[in-house]
Structures are given as C-alpha cells and as structure tokens.
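Could you walk me through this structure, one selection at a time? I have the viewer open and would like to know what to pick next.

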Amino acid sequence: MRPVQYVLQPLLSLFQRLRAVTMPEMKHALGTQVDVTVFRKLASLDHLTSYSHRGSFYTLPAIAQFDEQGLWMGRGAWFSKHGTLLDTAATLVRASTTGCHAGELEAWLHVPVKDPLRQLTQAGRIHRSEHTGLYLYTDPSRERRQEQLAARHSLSQVEDPEQQKIRAAIVLFYSLLDEQQRRLFAGLESLQRGHGGDRR
C-alpha cells in the first residue's frame, strides 16, 4: 500500500507552489474530474477554505501567514484562522475594544458584511444598537458591551463634532461600495494621507 504522503504529494506540491488553490486546479493536479475524489484527499489534510470568493479557494494552515486579526490573503482570496465569515465577524466584533460599525468591519474583512451581521444579530451572537446615526455591533454580554460602548464614547469625545460627521459619512459611503470600489477608495485615501496612510 502506498504511503499517504506519496498519494497526497501532487496536492501538497500544488499548495506549496500556489499557496491558495481552487477546485479545478486540484482536480488537474490529481488527474481527476470528480469533486468527491478531491474532497477525500483534502479530508486527510488540515486545510482552510476562503471566506471570500464564495469559499472557492483552499490553503493549508502551515502556509497562511495570519495577521494580528487572524486574517490572511492568498491570490486575492481571504482566509481566517477563526473559520467561516460568520465566525470571523463575530470574533472580531467581540474582540474589538470599541465595537464595530459595518463599514469598519468591511474594511478589515474586505467583503460585504451586511447579511452576516444581520444573521449574527438574529442568532444572538452579537448585539446591535444605534450610535451616532449608525448601527454599532458589540459583544452580546451586557458587561462586555458596556465596556465597548464606554470606549467608543470616549473615542468620540476626542474628535471634534465636525470630524465625527465626516467620519460617519465616510463609513456610510464606504459601506455602499462593492469590493473593487472599496479598494480603489482605500487606495486614494492612503495616497491622500501620505506617510503611514496604508496602515491607517
């Protein structure tokens, strides 16, 4: 009987070469046209599915280089160490010191979050309340939620009212754009801010 490593070598080589791969690419590497065959091979590997691109990209945890929020992009597809988009959004909202507006969360995740936030709110996994004319998403537990709201309020006190209005308008505008438009807008904002603009 051939060792498992030998049987999986075409797949492992593909992951090492491309870092993030699609089902057609895996089929080609394995010489099959059957999805089930690929899934059977993947089942023996610890693998991740992208939360963007409708889950059509796959990678290995050993390949992904996650940032401080547990996110990584490979070949334009986004992956999360937290799992699905729903699990990732819930984790980021609960971990945020000030809670999240939809636009802020979209800027982190690089995908639309309106529907995931609605599902999470309905399931009681996060809490939604109105804040400065926008919905603010926070931890479902009362104690943690109050901490986040206090931090958000403290943050808003630092900015003058005019800056608050501009920030709220930008967040609202950003949330209405599709992914390509958001990237273009973020790029223009980065150029306008100059040094440190990408990080900001």
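This is a predicted model: local features need pLDDT of at least 70, side-chain atom pairs count only at pLDDT 80 or more; totals for chains, interfaces and linings use all residues.

**Stop one: a pair of helices**

Start by selecting residues 23-30, which form helix α2, together with residues 35-43, which form helix α3. The two pack with their axes 10 Å apart and at an angle of about 85°. Angles of 65 to 115 degrees count as roughly perpendicular, so α2 is roughly perpendicular to α3.

Now show the side chains where they meet. From α2, pick Met23, Met26, Lys27 and Leu30; from α3, pick Asp35, Val38, Phe39, Lys41 and Leu42. If you colour this contact by class, you will find six nonpolar residues, three charged ones and no polar ones.

**Stop two: Thr22**

Next, select Thr22, which sits in strand β1, residues 21-22. Is Thr22 buried or exposed? Its relative accessibility is 15%, and because the cut-off for buried is under 20%, Thr22 counts as buried. Setting aside neighbours within four places in sequence, look for its contacts with Ser56 and Phe57.

**Stop three: Thr138**

Finally, move to strand β8, residues 134-138, and select Thr138. Thr138 has 0% relative accessibility and therefore also counts as buried.

Terms used:
Residues are numbered from 1 along each chain as its sequence is written. Side-chain values use heavy atoms; hydrogens and water are left out. Axes are lines fitted to C-alpha atoms, for helices over the stretch in contact, and angles run from 0 to 180 degrees between N-to-C directions. Helices (H or I, at least four residues) and strands (E, at least two) are DSSP runs, numbered from the N terminus. Angles under 35 degrees count as roughly parallel, over 145 as roughly antiparallel, 65 to 115 as roughly perpendicular and the rest as oblique. Contact means heavy atoms within 4.5 Å. Ala, Val, Leu, Ile, Met, Phe, Trp, Tyr, Cys and Pro count as nonpolar, Asp, Glu, Lys and Arg as charged, and the others, Gly among them, as polar. Buried means under 20% relative accessible area, exposed over 50%, partly exposed in between (1.4 Å probe, protein chains only).
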